[in-house]
Amino acid sequence: MRHVVIVGASAAGVSCAEELRRGGFSERITIIGDEGHPPYDRPPLSKQFAAGAWDAGRCALRQESQLEKLGLEWHPGVAATALDRQGKTLVLADGREIGYDGLVIATGVSARRLSGYEPSDRIHYLRRLEDAARLRDAMSSAATVAVVGAGVLGSEIAATARGLGLQVTLIDPMPVPMLRQVGPALGAKLAELHAAKGVEVRTGNGVTRMEENGACLLTLSNGSAVKADVVLIAVGSVPNTGWLASSGLDLSDGVSCDEYLRAGPDGIVAAGDVASWQHLGLGRRVRVEHRTNASEQGQAAARTLLGERSPFCPIPFFWTDQYDVRIQVLGLPTATAELDVVSGSLGDDRFAGLYYDADVPVAAVTWNMPRETRRLRLALCGQ
Amino acid sequence: MKVEIDRAKCVASGQCVLAAPAVFDQDEEDGIVTLLTDEPSPADADGTHEAAFLCPAQAILVTG
């Protein structure tokens, strides 16, 4: 292998490059990213950056000197548009062609768009630094914000906007915020938290219509109306696989990989939000859009390219900070899992619990008890 | 080898303690990283680098 090309210059792509170098790969590494900035980190975008507390420099993924040491050939600000697997060649948006021996697909996801609602001065989506800067600027001169979608991102933005003193309405067709990530009991606790902080929580309601006329006027499925200066739509994401459409790769859930993160037999691996893989520990195919997974999976993909054969089976982990509450989740709570609080109680402002599915612990959560997360990891590893 | 931490950036994920338990710990209350030593021994070098690579908040800087 003389030349590895990494498509995607965010957490997964950068960690893959670092691991290739750590593993002794001294040949060419080219990294291609469609964003023009140096690599940056996304978790602060919905929190410190959107609040105006941190600037873009503070969100940098690595210091310039750290990146320089890796000896990479950078192609920022240009997207890959096609992959020719027979010719082992990538086509870039500016017409250039780049050959590879090993290919890493780490192109991430995009914010899912609601059809008919393009981004505007009032309507926002959040994925990239530019999105966050636009949202930050819009919120700085707004009085009211409607957040459509109460997943992790929407819930964080609701908390950030509330922290800026805005009037906030949080809307989702599900009965409680973050239902899919934390289940009904914790979701209800989150709804209480947001309400206690002054957010108008309208979960259990979809948006049936949205009109832009001076302000945004949203009509909800229960017939009620919400008026907002700014609307953030956070309704999930879509894997960035359009450029691979003619590649012959399995794109049924992002880029489908085997347990070693191989997308095909021909030196192609994938990592990060875009990659689904066969998780031998969970016994099923998963695609995980968590920040820590991007780093770990980037590393694992590098090791596979270097010839190691070790299946990638991490315990998924994410955290979310909302107001003064730090929530951490290990594992993937299933829809039928029941939460058993093992430390404190659900009514406290600090507690920890395990999710059981058919008497088997499948996930753990801590609420303002981050140190406890590590201890609960052992309970999950015992499986 | 020297290691520095930025507690303002730390998100209390605990990844560093998993990677290098002799070097990093977490505050009992808020889970924010604390250093057990700022000059890890050679035996902890790999784990310390791993912690810096895996930190999801870029709160660890390893030099030397």
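## Terms and basis of the model

A residue is called buried when its relative accessible area is under 20%, exposed when it is over 50%, and partly exposed in between, with a 1.4 Å probe and protein chains only. At 75% relative accessibility, A:Asp359 counts as exposed.

This is a predicted model, in which local features need pLDDT of at least 70 and side-chain atom pairs count only at pLDDT 80 or more, while totals for chains, interfaces and linings use all residues. Residues are numbered from 1 along each chain as its sequence is written, chains are lettered from A and ligands numbered from 1 in the order in which they are written, and side-chain values use heavy atoms, with hydrogens and water left out.

Over all chains, a search of the whole structure finds 31 salt bridges, a salt bridge being a side-chain nitrogen of Lys or Arg within 4 Å of a carboxyl oxygen of Asp or Glu. Helices (H or I, at least four residues) and strands (E, at least two) are DSSP runs, numbered from the N terminus. One of the salt bridges links the side chains of A:Arg22 and A:Glu19, at 3.1 Å from N to O; these residues are three apart in helix 1 (residues 11-22) of chain A, and therefore separated by about one helical turn. A:Arg22 is partly exposed, with a relative accessible area of 35%, whereas A:Glu19 is buried at 10%.

A:Arg85 and A:Asp266 also form a salt bridge, with their closest N and O atoms 2.9 Å apart. Because A:Arg85 lies in the loop between strand 4 (80-84) and strand 5 (89-92) of chain A, and A:Asp266 in the loop between strand 18 (255-257) and strand 19 (268-270) of chain A, the pair ties together parts that are 181 residues apart in sequence. Both A:Arg85 and A:Asp266 are buried.

## Salt bridges between the chains

B:Glu29 forms a salt bridge with A:Arg350, where the closest N and O atoms are 3.7 Å apart. B:Glu29 lies in the loop between strand 2 (24-26) and strand 3 (33-35) of chain B, and A:Arg350 in the loop between strand 24 (338-344) and strand 25 (351-357) of chain A, so the pair joins two chains. B:Glu29 is exposed, with a relative accessible area of 53%, while A:Arg350 is partly exposed at 26%. Salt bridges that share partners also join A:Arg371, A:Glu372, A:Arg374, A:Arg375, B:Asp25 and B:Glu28 into one network.

## Positive phi values in loops

A:Leu261, in the loop between strand 18 and strand 19 of chain A, has a phi near 75°, a positive value in a residue other than glycine; A:Leu261 is buried, at 0% relative accessibility. A:Asp359, which is not a glycine either, has a positive phi of about 70° and is placed in the loop between strand 25 and strand 26 (360-367) of chain A.

## Helix 4 of chain A

Helix 4 (residues 152-163) of chain A has 12 residues and reaches 17 Å from its first C-alpha to its last, close to the 16 Å expected at 1.5 Å a residue, where the expected span is 1.5 Å times one less than the number of residues. Its buried residues include A:Gly154, A:Ile157 and A:Ala161. Just after helix 4, A:Gly165 takes a positive phi of about 90°.

## A five-strand sheet

Five strands of chain A form an open sheet with antiparallel pairing, in the order 22-23-26-25-24; two strands pair if DSSP finds at least two bridges between them. Strand 22 and strand 24 stand at the edges, each with a single partner strand, so one side of each is left without a neighbour in the sheet. Strand 24 and strand 25 of chain A run antiparallel and are joined by six bridges, and A:Leu339 stands opposite A:Tyr355 in strand 25 of chain A.
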